[in-house]
Amino acid sequence: MSGKMRILTGIVVIAIVAVVSGVWIIRGPGPLDFAGGPKVALADYRAGKPTGVPAKLEKASLVERGEYLAKAADCMVCHTKPGEKDYSGGLGFKLPFGTLYSTNITPDKDTGIGNWTDAELKRFLVSGVRPNGTRVAPIMPTAFYTVLTARDLDALAAYLRSVPAVRHETPPPEYRSAPKPETPIYAGKQANEAELSDRLARGRYLLTIAHCLECHTPDGPSVVHDFAGASGKGGRTFKGPWGESVSANITADIAAGIGGWSDDEIKRAIAQGIARDGHKLKPPMAYAAYASMTAQDLDAIVAFLRTLPPRN
C-alpha cells in the first residue's frame with residue numbers, strides 16, 4: 001500500500017471513529033446512567049423545599065403558593081365582611097372591652113395596603129405594626145405568624161398584592177373600656193425550613209399559622225404558646241372553648257376530646273365542617289378555608305393533633 005493510500009485510509013478510519021463517538025455521546029448512555037432511576041433535565045431541577053405549601057406547589061408561582069398559605073392561615077374569613085368583597089375588611093369582633101374591626105388588606109392605595117412596601121407588609125403580618133408605626137387591634141393573631149419562613153412570607157405578600165383592589169374604609173375600633181394587657185400569645189421564632197419535610201413538624205407549622213390555639217383554648221389570646229403547641233397556662237391548651245366560643249376540645253382525651261375519633265373523621269371535620277356525629281360545625285370554625293388543603297397536609301395536621309396530651 002502506497003503512502004498516500006495509507007494516509008487516506010487513516011483519515012477515513014479517524015472520520016468513522018469520530019462519527020461513531022459523536023453518535024455515542026449524543027444518543028448513548030449518559031455519564032450517570034450507572035445510577036439508574038428517572039432522569040431530570042438540569043434546567044428542570046428544583047431543590048425539594050416547598051416550605052409551608054405541599055410538594056406539588058414547589059414549582060408554582062409565588063402567588064399560587066401564597067394563595068394556598070392564605071387559605072391555610074384563614075385570612076379571608078376574618079378579613080371579609082359578609083356581603084363585601086374578599087379581603088376588604090370591616091368584619092366586627094365583639095369583645096368584653098369593645099368591638100374591633102378587621103383591616104382592608106387588598107392593594108387599594110387609599111384604604112388598603114397598596115402603598116405599603118413588601119417589607120412593611122411582611123412586618124405587619126408578623127408584628128401587627130403598620131407602616132406609620134401604629135399597632136393593629138389586638139384581635140389580629142400576628143404572633144402566630146412569627147413562625148412563617150422567609151419564603152412563605154414572600155409568597156403571602158405576593159398573593160395579597162394580586163387580589164383585586166377594593167376601596168373600602170373600615171370602621172375604627174370602638175372601645176368601651178381599656179383592654180387588659182395580654183400575655184404574648186407566642187414567644188417563638190421563625191420555623192426552620194429544613195425541618196418542615198417532617199410530617200409532625202409540618203403539621204405543627206400549619207396548625208400554628210391557622211392559629212387554632214386561639215379559639216381552642218380557654219385562655220384565648222392571653223395564652224402562652226410555644227412552637228410545640230402543647231404548653232400554656234395551667235396545661236389547658238387545645239381543650240376549648242374560649243369565652244362564649246363553641247370551639248371544641250381537640251386534645252386526645254377520649255371522652256371530651258377527639259381521642260376516639262378516626263383520622264378520617266378528624267379530617268372531615270377540618271375540611272368539611274362535619275363532626276363525628278354528623279352535625280355541621282358552627283362558626284367561627286372556618287372549614288371552608290381548609291377545604292383546599294391537600295390530603296398530605298391534612299394528614300400532617302392530624303398526626304400532630306395526635307401528639308397533644310389528653311386534657312379534660
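These notebook entries record what I looked up in one predicted model.

**Ground rules.** I number residues from 1 along each chain as its sequence is written, and side-chain values use heavy atoms, with hydrogens and water left out. Because the model is predicted, I note that local features need pLDDT of at least 70 and side-chain atom pairs count only at pLDDT 80 or more, while totals for chains, interfaces and linings use all residues.

**Entry on V63.** I found V63 in helix α2, residues 62–72 (helices are DSSP runs of H or I with at least four residues, strands are E runs of at least two, and both are numbered from the N terminus). V63 counts as partly exposed because its relative accessibility is 32% (buried means under 20% relative accessible area, exposed over 50%, and partly exposed in between, with a 1.4 Å probe and protein chains only). Leaving out residues up to four places away in sequence, I saw that V63 touches A158, Y159 and S162 (contact means heavy atoms within 4.5 Å). I also looked up V63 and V163, which are 100 residues apart in sequence and 9.6 Å apart in space, C-alpha to C-alpha.

**Entry on the sheet.** I traced an open sheet of three strands in the order β1-β2-β3, with antiparallel pairing (two strands pair if DSSP finds at least two bridges between them). β1 (92–95) and β3 (174–175) are at the edges with a single partner strand each, so one side of each has no neighbour in the sheet. Between β1 and β2 (residues 98–101) I noted four bridges, and G92 stands opposite Y101 in β2.
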